[in-house]
Amino acid sequence: DSNQMWGGRFAEGPAAVMREINASIPFDKRMWRQDLRGSQAHIAMLAQQGIVDAGDAASIAHGLEQVAAYYEANGVAEDLTLEDIHMQTEARLADAIGPAAGRLHTARSRNDQVATDFKLWVRDAIDQTLAALTAFQHALLNRAEEHAASVMPGFTHLQSAQPVTLGHHLMAYVEMARRDVSRFADARARMNLSPLGSAALAGTGFPLDRQATAAALGFDGPTRNSLDGVSDRDFAIEYLTCAAQCALHLSRLAEEFVLWASQPFGFVSLSDQWSTGSSIMPQKRNPDAAELVRGHAGRIAGCLVSLMMTMKGLPLAYSKDMQDDKPPVFECHDLLGLCLAAMTGMVESATFRTERMRAVAESGFATATDLADWLVREAGVPFREAHHITGRVVARAEAQGLRLDELPVEDLIAIDSRIDARVFDVLSVDASVASRTSFGGTAPDNVRAAIREAREALS
Ligand code: ARG
């Protein structure tokens, strides 16, 4: 108070900023359920081991239920003086049951507490994501079944390459989703060890039963090294890696929807529910949701990079930097949930313009490979030579503005006398896709078999 000009401000300002930079409650309040679950397991074990007497333990367990009910009804206040969800909950517990609340934190540190809470949260997030991936696959499978024989142009270099079926194209995304599922499941299995009981970093002298708390929380067992237990965030990075890969897949499908919904393609019309208009151009039907899925994939990749950068140089064990682990994981989960739900909705409700797809497939000389294959098969021509002959046929058709199957047979014979009228059997797009019967190929029967197999794997 000797300096009326700035003394108060100087003393107060840094403290306020310190509080602000230090507090995680604005975001980690999202883990309140996991925090309470962990505390319930911990207090039950402390009582079991005779570390806290049964009366206090019962009152703590009951108090934690009251705190849960309070949070459920009122939400979690962002009180920066209480710093994080762990201190917030302990303060609430003390309000509810008095000084016995102070016994809950016996043989525990916020370091093993937060690692446990966060693992529980990520595990729940993975379970939700797996459910969303299942719904996404059902949507794809239903539309693939409907369009197992609908011909569309297949592309390489975004140039018409060979005809495929829309069902086959959609099933490619089912394969991606299946790998995503297996990656998430794998990450979940690997992370499923409990850090609780690692204490601050070195373990504790109290006779804990770490197996018991691990089992109570659905873990396969306790982590094997206390330093690693409190400082491992691989599980969160691995979750983000799986999410980033999944988002990349969704982004590719989103990009295809954006392209397909454009007028030059005209392959798909998105439902009203999944389109937006323009405030100035009345004719517009914009695929905003697909564009945002494409955009969000970039942000999700950013979340992964964010946490990798947080962790890359941290000495063991806990450092406060690690508090920054949560915002990117929470953001990723929210974004990925939106992306999966949006793509599922778009796939379910899209109108595929199969006539237009077929017309484009027929117009791009997409059966040229079939002609070359016919020359190899029926006339014994070496493939390289067949490729050359077919190239001349395509040039002729292009010059005359005709499709391959519209060229007069005399023109074909003039190019190579080994060609005869039987070639027309393979020049239609339907004949082309029907012939692709190799395992994993686009023949409609193969597509139907692939759908059956995928449905069985899902159930
Ligand atoms: N809010 C902290 C976090 O999210 C909890 C752990 C704090 N531990 C500590 N020793 N300061 O990481």
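Helix axes are lines fitted to C-alpha atoms over the stretch in contact, and angles run from 0 to 180 degrees between N-to-C directions. Helices are DSSP runs (H or I, at least four residues), numbered from the N terminus. The model is predicted: local features need pLDDT of at least 70, side-chain atom pairs count only at pLDDT 80 or more, and totals for chains, interfaces and linings use all residues. Residues are numbered from 1 along each chain as its sequence is written, and side-chain values use heavy atoms, with hydrogens and water left out.

The axes of helix 4 (residues 54–74) and helix 5 (residues 85–97) come within 9 Å. They cross at roughly 110 degrees. The two helices are therefore roughly perpendicular (65 to 115 degrees). Contacts (heavy atoms within 4.5 Å) involve, among others, Ser59, Ile60 and Tyr71 of helix 4 and Ile85, Arg92 and Ile97 of helix 5. The contact residues divide into 9 nonpolar, 5 polar and 1 charged; here Tyr and Ala count as nonpolar, Gly as polar and Arg as charged.

Glutamate 83 sits in the loop between helix 4 and helix 5. Its phi is near 65 degrees, a positive value in a residue other than glycine.

The ligand is surrounded by residues including Asp28, Asp84, His86, Arg110 and Lys326 (a heavy atom within 4 Å). Polar contacts are pairs of N or O atoms within 3.5 Å. For tyrosine 318, a polar side-chain atom lies 2.5 Å from a ligand oxygen atom.

The peptide bond from leucine 316 to alanine 317 is cis, with omega near 0 degrees. Alanine 317 belongs to the loop between helix 11 (288–311) and helix 12 (326–349).

Definitions and conventions
Angles under 35 degrees count as roughly parallel, over 145 as roughly antiparallel, 65 to 115 as roughly perpendicular and the rest as oblique. A polar contact is a pair of N or O atoms within 3.5 Å; within protein, one must be able to donate a hydrogen and the other to accept it, and residues adjacent in sequence count only if both atoms are side-chain atoms.
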